[in-house]
Amino acid sequence: HMLKDGEIDWEKLAHTIRVAVHFLDNVIDMNRFPLGEIKEMTLGNRKVGLGVMGFADMLLELGLPYDSEEAVATAEEVMSFIQEKARETSIELAQKRGPFPNFPQSIYHRPGEPELRNATLTTVAPTGSISIIAGSSSGIEPLFAISYVRRNLLNEGDELLEVNPYFERIAKERGFYSEELMRTIAQEGSIQEIEGIPDDVKEVFVTAHDVAPEWHIRIQAAF
């Protein structure tokens, strides 16, 4: 959770990036490789891919609609920061452990430029399963739904009503929460056409289907 007092906690984010890159670099050496060629390529380039998840959740907490200029600016700011700190960490690791072996043949090998431990540092991963485990929105995607029913395939009658925790909190604070409303939202998926929900809440709590394709692309481009 990278927010503090309603703002991005840059100090915590920087620390987490440093630890994560260090960890991912260690994982390369701990790996068991199925083929010699894969081992040679992986150890030669030492590529890592630090990604994000919960971006849509963060926007909710900041009170920013996913489909807004502010969201695009936040995406650029956050990912630039991650890229910059990840690069700083890779430079520090290269000083201690040496650069990736193929560094001399790489695009980074230029006069006056520092050596890097890793040929790539960041990625934008979908984080499908792990975001469900972590209880956060996946990757950089908008919310799939505000409320939905999760069905258990092993026990067909087993239905679990899942409500976005930030929405539930605001609904209770603002006094429009009801179990019936949550079930109505689960049927609709979106809250845009449902009566009894304030307009300012509708503006922020948009789902993937509410967001015009242009905004999906702009957020992806920003990252």
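**A walk through the pockets and salt bridges**

Helix H3 gives the most to the lining of the largest cavity, with 3 residues. What you're looking at is a predicted model, where local features need pLDDT of at least 70 and side-chain atom pairs count only at pLDDT 80 or more, while totals for chains, interfaces and linings use all residues. Residues are numbered from 1 along each chain as its sequence is written, and side-chain values use heavy atoms, with hydrogens and water left out.

Let's stay with that cavity for a moment. On a 1 Å grid over the protein atoms alone, a cavity is a set of points where a 1.4 Å probe fits but can't get out, a pocket is an open set with protein on both sides within 12 Å along at least five of seven lines, and lining residues have an atom within 4 Å of a point. Points join across faces, edges and corners, and a volume is the space filled by probe spheres set on them. By this rule, there is 1 cavity of 30 Å³ or more, and the largest cavity holds about 60 Å³ of space. Its lining is made up of Ala56, Leu59, Leu60, Leu64, Pro65, Tyr66, Pro142, Leu143, Val204 and Val206. By class, that gives 10 nonpolar residues, no polar ones and no charged ones (nonpolar means Ala, Val, Leu, Ile, Met, Phe, Trp, Tyr, Cys and Pro; charged means Asp, Glu, Lys and Arg; the others, Gly among them, are polar).

Now for the pockets. The largest pocket has about 690 Å³ of space. There are 29 residues around it, and His1, Met2, Val52, Met53 and Gly54 lie nearest its centre. The lining of the largest pocket splits into 18 nonpolar, 9 polar and 2 charged residues.

Met53, one of the residues nearest the centre of the largest pocket, sits in the loop between helix H2 (36–45) and H3. Met53 counts as partly exposed because its relative accessibility is 34% (buried is under 20% relative accessible area, exposed is over 50%, and partly exposed is in between, with a 1.4 Å probe and protein chains only).

H5 gives the most, with 3 residues. By class, this second lining has 10 nonpolar, 7 polar and 3 charged residues.

Next up are the salt bridges, of which the count is 10 (a side-chain nitrogen of Lys or Arg within 4 Å of a carboxyl oxygen of Asp or Glu).

Arg97 is partly exposed, at 36% relative accessibility.

Over at Glu61, there's a salt bridge with Arg169, where the closest N and O atoms are 3.9 Å apart. Glu61 is in helix H3 and Arg169 in helix H6, so the pair ties together parts 108 residues apart in sequence. Both ends are partly exposed, Glu61 at 27% relative accessibility and Arg169 at 42%. Elsewhere, salt bridges that share partners join Asp25, Asp29, Arg46, Arg97 and Arg117 into one network.

Finally, a look at the backbone. Most residues other than glycine have a negative phi. Arg46, however, has a positive phi near 50 degrees. Thr127 isn't a glycine either, yet its phi is positive at about 45 degrees. You'll find Thr127 in the loop between H4 and H5, where it counts as buried at 12% relative accessibility.

Methods. Helix = DSSP H or I, 4+ residues; strand = E, 2+ residues; numbered from the N terminus.
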